[in-house]
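Please look over the fold shown here.

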Amino acid sequence: MRESDAMGHAVEKHFRHAWEAAANSYQATSSPFIERNIGLKAHVQRMMPLFLTLRDDEGKTLVTAMLPPGGEDDPHFRIIVVGPGNRDPYSEHGDAIGALGGHFGLVLNRDRCYPYR
């Protein structure tokens, strides 16, 4: 929530939707009620997209990225990269976005990742 407020965008709605979808897809391996959700947290972490924020040296939020689960390339996953107020962050932070993509082995170019053209 603080990230969405600081950045002035709605990435939080994507986070909530992804968390609910991951939690709803969980199949408990144990039937006793108390043990039923033991694996839920690990399942959600595996299934959820990665939500990352690039910051400057003072901690100011610059870019928010939503990457595929585990940072693994998935041609069916819609990667989102936005700046404050859903603005295009590529002209100012393109090198940092490229480095983030390189860290995960992903190509995070504007055409693929910026949803507001």
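## Salt bridges and cores

Asp 88 is partly exposed, with a relative accessible area of 30%. Here buried means under 20% relative accessible area, exposed means over 50%, and partly exposed lies in between (1.4 Å probe, protein chains only). This is a predicted model, in which local features need pLDDT of at least 70 and side-chain atom pairs count only at pLDDT 80 or more, while totals for chains, interfaces and linings use all residues. Residues are numbered from 1 along each chain as its sequence is written, and side-chain values use heavy atoms, with hydrogens and water left out.

Asp 88 has a salt-bridge partner, Arg 110, with the closest N and O atoms 2.6 Å apart. Arg 110 sits in helix 5 and Asp 88 in the loop between strand 3 and helix 4, so the bridge ties together parts 22 residues apart in sequence. A salt bridge here is a side-chain nitrogen of Lys or Arg within 4 Å of a carboxyl oxygen of Asp or Glu. By this rule there are two salt bridges. The other entry in the table joins Asp 73 and Arg 112. Asp 73 lies in the loop between strand 2 and strand 3, and Arg 112 in helix 5 (residues 110-113), so this pair links parts 39 residues apart in sequence.

| Salt bridge | Closest N and O atoms |
|---|---|
| Asp 73 and Arg 112 | 3.0 Å |
| Asp 88 and Arg 110 | 2.6 Å |

Asp 73 is exposed at 52% relative accessible area. Arg 112 is partly exposed at 26%. Arg 110 is partly exposed too, at 33%.

What else does Arg 110 contact, leaving aside its neighbours within four places in sequence? Its list holds Asp 88, Tyr 90, Ser 91 and Arg 117. Contact means heavy atoms within 4.5 Å. The C-alpha atoms of Arg 110 and Ser 91 are separated by 9.6 Å, and the two residues are 19 apart along the chain.

The largest nonpolar core has 19 residues. Ile 79, Val 81, Tyr 90, Ile 97 and Leu 108 have the most contacts inside it. Strand 2 (61-67), strand 3 (80-82) and helix 4 (90-104) each give two or more residues to this core. Strand 2 gives the most, with five. A nonpolar core is a set of buried Ala, Val, Leu, Ile, Met, Phe, Trp, Tyr and Cys residues joined through side-chain atoms within 4.5 Å.

Beyond four places in sequence, Ile 79 touches Met 66, Leu 67, Pro 68, Leu 106, Leu 108, Arg 112 and Cys 113.

One aromatic pair turns up in the whole structure. The rings of Tyr 114 and Tyr 116 have centres 5.8 Å apart and planes at 75 degrees, so the pair is edge-to-face. Rings of Phe, Tyr and Trp (its six-membered ring) pair if their centres lie within 6.5 Å; planes under 30 degrees apart are stacked, over 60 edge-to-face, and the rest tilted. Tyr 114 is buried at 6% relative accessibility, whereas Tyr 116 is partly exposed at 46%.

Overall, the protein has five helices and three strands. From the N terminus, the order is α-α-α-β-β-β-α-α. Helices (H or I, at least four residues) and strands (E, at least two) are DSSP runs, numbered from the N terminus. Buried residues make up 34% of the 117 residues.
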